[in-house]
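Here is the note you asked for, written for someone who is meeting this structure for the first time. Please read the numbered points alongside the sequence and the model.

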Amino acid sequence: MDIGLTVGVDMDRLAGSPTRFDFVELGVDAGTRPPSEIDPGRLSDGLAGRDLHVHLPYSQLLTSYADEINDAIVAYQRRLLRAAGELGAGKAVLHATSADRDDVAFRDVAAEQLRRVADAGREAGVEVVVENVGHQHHGLQLSVLGDIARETETPICFDVGHAYMEGGNKAIRRFLRSHGDRVSHLHCHDVRRRGDTHIPVGAGEVDYDIVSEELAGFDGTVALEVFTDDDALLLDSAERVADHLDATF
């Protein structure tokens, strides 16, 4: 199991992050971090021997009401995935969002869009992992995400904190019990119901014992998504997650 760190779109943060991590997850999109503007030499120096994974655009919806726009969304993600593959990225995180998450009939549109983007990733040699963001207005609910990921055979990026914000510790257990076999990538951080999110592991209300129980033997990748530049806090969170997953960090 590899443990890494998310750094958003900040190349300086990537370069300054602890090299003890196995990989770095870098945000890419057309506005703030176009892959075409990433200098391969600078990226290689910043990685310092660590692997690279990427996060596709945070705010880009996966679906729209218009077929033409859906085609454009897929073309955009295909372009980013091709560039990410050329940079050597192994995985690409995709937010599971929809223009209308409450329309049952629209579920098929979301599934087809996910299938197309995941296929584009395979063409580029990058594993697309779809992330739960059901606590957000456009985010697909956990139950819907699990079903369409299984239907389309798409690996999942399970964000533990997001799941807690959507339905508490019970939602974490329920999802992992049903769909834990599809989880390839984890986003780990802690949260509190009052609105604190992406805080160090152990500082919030997430019961990580549930993750230990439901993902016993997990051998995928784990990205810390703790919003701090304090190396001690980042390393402590990584050690806590490693302990819960019976891994070495």
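**Notes on the model**

1. Helix 2 is followed by Ala48, whose phi is positive, near 50 degrees; helices (H or I, at least four residues) and strands (E, at least two) are here DSSP runs, numbered from the N terminus. Ala48 sits in the loop between helix 2 and strand 3, and its relative accessible area of 44% makes it partly exposed, where buried means under 20% relative accessible area, exposed over 50%, and partly exposed in between (1.4 Å probe, protein chains only). Most residues other than glycine have a negative phi.

2. On the basis of these notes: this is a predicted model, in which local features need pLDDT of at least 70 and side-chain atom pairs count only at pLDDT 80 or more, while totals for chains, interfaces and linings use all residues. Residues are numbered from 1 along each chain as its sequence is written, and side-chain values use heavy atoms, with hydrogens and water left out.

3. Within helix 2, the residues Leu43, Gly46 and Leu47 are buried. Viewed down the axis of helix 2, its buried residues fall within an arc of 95 degrees, so they line one face of the helix; the arc is that of the directions from the helix axis to the C-beta atoms. These buried residues of helix 2 pack against helix 1, strand 2 and strand 3, contact meaning heavy atoms within 4.5 Å.

4. The N-terminal end of helix 2 is capped by Asp39, a side-chain oxygen of which lies 3.1 Å from the backbone nitrogen of Gly41. A polar contact of this kind is a pair of N or O atoms within 3.5 Å; within protein, one must be able to donate a hydrogen and the other to accept it, and residues adjacent in sequence count only if both atoms are side-chain atoms.

5. Strand 2 (residues 23–27) is mostly covered, with 5 of its 5 residues buried. Strand 1 and strand 2 run parallel and are joined by 3 bridges, two strands being paired if DSSP finds at least two bridges between them; in strand 2, Phe23 is the bridge partner of Gly4.

6. On to strand 3 (residues 51–55), which runs parallel to strand 2 and is joined to it by 5 bridges. Gly27 stands opposite His55 in strand 3. The chain crosses from strand 2 to strand 3 through helix 2 (residues 40–47), and this β-α-β crossover is right-handed.

7. Strand 8 is also covered on both faces, with Thr221 and Ala223 buried on one side and Val222 and Leu224 buried on the other. Strand 8 pairs with strand 1 in the parallel sense over 4 bridges, and Ala223 is the bridge partner of Gly4 in strand 8. Strand 7 and strand 8 likewise pair in the parallel sense over 4 bridges, and the partner of Cys188 in strand 8 is Leu224. The chain crosses from strand 7 through helix 7 (residues 208–214) to strand 8, and this β-α-β crossover is right-handed.

8. Which residues of helix 8 are buried? They are Leu234, Ser237, Ala238, Val241 and Ala242. Seen down the axis of helix 8, these buried residues fall within an arc of 135 degrees, so they line one face of the helix. Their cover includes strand 1 (2–6), strand 7 (183–188) and strand 8 (221–224), whereas the face turned away from the buried side carries the exposed residues Ala232 and Asp243.

9. At the start of helix 8, a side-chain oxygen of Asp230 reaches to within 2.9 Å of the backbone nitrogen of Ala232, and just after helix 8, Asp246 takes a positive phi of about 55 degrees.

10. Glu153, although not a glycine, has a positive phi of about 55 degrees. Glu153 is placed in the loop between helix 5 (142–152) and strand 6 (156–159), and it counts as exposed at 58% relative accessibility.

How values were computed
Right-handed = clockwise from strand over helix to strand, strands pointing away.
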